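Some notes on this model follow, in numbered points. Please read them with the coordinates open.

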Amino acid sequence: MLCNGAALKKRVLRKNYNTLKRFMLGRGLKRKLSDYEENMAGLSSAFDSSRNLPYPLKRQLVLNMCLTKLQTYKMLVEPNLHRSVLIANTVRQIQEEMRQESSQQPINVCSGIAPHPHSYPGIDSSGISLHLPSGSSQQESSCCNSWSAEGPIENSLLMVSDDDMSSAISSILKDLDFMEDISPPTSLIPAGDDEPLKSPENTCLKLEDDRQDLKGAECVFGSFEISNSTSYLKDLAIDDIFEDIDTSMYDSDFCSPLLMAPRPPSAATEETLKTFPSCNSPSTNNIPICRTDLSELDHIMEILVGS
Amino acid sequence: MFLKFSLRSIFYGAGGGGNDIQWCFSQVKGAVDDDVAEADIISTVEFNHSGELLATGDKGGRVVIFQQEQENKIQSLSRGEYNVYSTFQSHEPEFDYLKSLEIEEKINKIRWLPQKNAAQFLLSTNDKTIKLWKISERDKRPEGYNLKEEDGRYRDPSTVTTLRVPVFRPMDLMVEASPRRIFANAHTYHINSISINSDYETYLSADDLRINLWHLEITDRSFNIVDIKPANMEELTEVITAAEFHPNSCNTFVYSSSKGTIRLCDMRASALCDRHSKLFEEPEDPSNRSFFSEIISSISDVKFSHSGRYMMTRDYLSVKIWDLNMENRPVETYQVHEYLRSKLCSLYENDCIFDKFECCWNGSDSVVMTGSYNNFFRMFDRNTKRDITLEASRENNKPRTVLKPRKVCASGKRKKDEISVDSLDFNKKILHTAWHPKENIIAVATTNNLYIFQDKVN
């Protein structure tokens, strides 16, 4: 499977798009998205303008954008250190928040039980005090009912293992280090004498790392490993799930056997991942979907990412 | 509050008169066409200490210096116009062969030295190298050499029959810029600031992780005075964004960070100023918290007041004035474009959220100015607490036309003459502004044009 910045961008875009589309179609909203820039801008302006977007969805959108940016920067010859640090901090902050959430609430997969509003942020942690305006938490509780099936799915989707994300960020910063600084800091820096002996070794090691990085699906972050967790990035490696989501939207009979066979909550996160497509079709909401709108949007989407 | 304002309007007239400055268009420099050549993008603007000279640097590595005419001052119809005095190529693009990186020639900062003799000196820097330039005038030239023709060819000595003494004859004024010092190879990361010490002998240069102290006469060594690079780059969470020497205390300087903190350091305390003397930080407002809180708290510019008692910082949405004696919060906060707070995700997506706006004080430290989008710039009067939004646009380009205040409509019904947030042009940003040290003359840089505005002289 080809993995490069453009392909990753497409996947992230498609994922963002599908997430948002499901939400918006579930609300009876239509969006016309006519070209790539408008599409991305559409997502972020949807973030800005919509008060009804649930917090986890917003967070996921931001996280996707951050990761895309970091990946783009990684491919630049000379990434901007200031921006990279700011974005990496944002990613860490989101990761920390998700970890707090997941440690506070067990994952209920495909159950009809709505997660409680208090499981959404507003969580105070020692490191981060993230206090949302009270308005949003009220909205979350009101939309919690309709999100009953999808809430826990979203949570499980969003769960990223600590190690994976930390190693991802570490790898980016390490690469920045290589690119930028191969002279040791000294109190007296004589001009003209700037390359220490250790740099050739670093160069060799880093180049090899980089080559290996480019192979494989997890090329976004160098030392990222496939683990048993439902890591967000692992999703990207499995195209089939996306295909299933798209196809399912065309189905005329919504009572698909894929639906909602209630499964006992399972601690095995791999199963969570497998049940994701079946539980996450909008038909679980039993909201009639206009087929022409869907096909229009999907057609646009195909043009954007399929070609 | 409302009543006070009404009375004020009656006595002073809304928007003008009394103590309020009325800003008028004076000049605009630069190309007229909409197609902006990348090399013409202005990257820094700076008046010299007398205000007579105004320097700009651009992305193509050039420095253009304008000089104020002196004659019109007597007539006092308007203050003198600024005309081109000197243009020179300060930095060239370089290629770092070891790292396979191109080093941009874009001029990041220009700082003038105070004038000591007939010549002018300035420091200009790109990402890696700082240069000291001498700008001198030549208005006489020697004529009448014995062994040289006028065009410079050598004469055969055997053809010389008489001798004469060469004399200096007047010539058209020629302004020459020559590089006097080149301070190179001291910065691994990108230089974002230079600042000349009040001793006029040393200066500092700051990059993302380190600050170095130089002597103006010595180019082959510098002292590292701040180093925030962690032993393990994976632990890096903060970078240096700006640094400046105190205007009066030659041992004091400040540097700002991407986390919204400012550290004041005293060089007498230790050779390596890693431990600050003061840490200025405002606690976060929890009601404004968002995913982008840290990004918008990153300080893009820090400037001491002329008095040295205050300093001003610019972050993405606001300007803050700090009293050096109070570390826990700023004494004044001015919102530059609060209406953008609800658009942060879009601004993050198109990278505008990383734009680095600068700010400046007027000569008396009573008014501060900074730029915004749509070619708007904002001024805040610290005494009257009034603020004004003006636009740098060629549409108002009749000299002595008073600029009309602009207003952005955040939401709801848009009044006539207001602009809605969604119609702002985010490609037209004013990042660099400068205020004459003594008079009410300001230089405002749009993408590739330099506007000069003056207050209305009656």
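1. Contact here means heavy atoms within 4.5 Å.

2. A word on conventions. This is a predicted model, in which local features need pLDDT of at least 70 and side-chain atom pairs count only at pLDDT 80 or more, while totals for chains, interfaces and linings use all residues. Residues are numbered from 1 along each chain as its sequence is written, chains are lettered from A and ligands numbered from 1 in the order in which they are written, and side-chain values use heavy atoms, with hydrogens and water left out.

3. Chain A has 12 helices and one strand. Helices (H or I, at least four residues) and strands (E, at least two) are DSSP runs, numbered from the N terminus. The order from the N terminus is α-α-α-α-α-α-α-β-α-α-α-α-α.

4. Burial in chain A: 52% of its 307 residues count as buried. Buried means under 20% relative accessible area, exposed over 50%, and partly exposed in between, with a 1.4 Å probe and protein chains only. The chain exposes about 14,200 Å², and carbon and sulfur atoms supply 57% of that area. Areas come from the Shrake-Rupley method with a 1.4 Å probe; for residues, only the protein chains shown count as cover.

5. Helix H3 of chain A covers residues 55-75. Its 21 residues should span 30 Å at 1.5 Å a residue, and the end C-alpha atoms are 31 Å apart, which agrees. The expected span is 1.5 Å times one less than the number of residues. Of the 21 residues of H3(A), 18 are buried.

6. Helix H4 of chain A covers residues 81-104. Its 24 residues reach 34 Å from first C-alpha to last, close to the 34 Å expected. H4(A) is largely enclosed by the rest of the structure, because 17 of its 24 residues are buried. At its start, a side-chain oxygen of Asn80(A) comes to within 3.0 Å of the backbone nitrogen of His82(A). That pair is a polar contact: N or O atoms within 3.5 Å, where within protein one must be able to donate a hydrogen and the other to accept it, and residues adjacent in sequence count only if both atoms are side-chain atoms.

7. Now chain B. Strands S14 (residues 210-215) and S15 (residues 218-227) pair in the antiparallel sense over five bridges. Strands pair if DSSP finds at least two bridges between them. S14(B) and S15(B) form a hairpin with two residues between them. Arg210(B) stands opposite Asp227(B).

8. Which residues does Pro142(B) contact beyond four places in sequence? They are Val167(B) and Phe168(B). Pro142(B) sits in strand S10 (residues 130-143). It is partly exposed, at 27% relative accessibility. Pro166(B) is 24 residues from Pro142(B) in sequence and 6.1 Å away, C-alpha to C-alpha.

9. Lys128(B) is in the loop between S9 and S10 of chain B. It is a buried lysine, at 12% relative accessible area. Its side chain reaches the backbone oxygen of Thr188(B) at 2.4 Å. Please check that distance in the coordinates.

10. Asp455(B), in strand S32 (residues 450-455), is also buried, at 14% relative accessibility. Beyond four places in sequence, its contacts include Trp23(B), Arg79(B) and Asn440(B).

11. Val421(B) is in the loop between S29 and S30 of chain B. It is buried, at 3% relative accessibility. Residues it touches include Tyr339(B), Leu340(B), Val408(B) and Phe426(B).

12. Two backbone angles deserve a look. Most residues other than glycine have a negative phi. Ser100(B) has a positive phi of about 55°. It is in the loop between S6 and S7 of chain B and is partly exposed, at 44%. Asp351(B) has a positive phi near 70°. It is in the loop between helix H4 and strand S24 of chain B and is partly exposed, at 23%.
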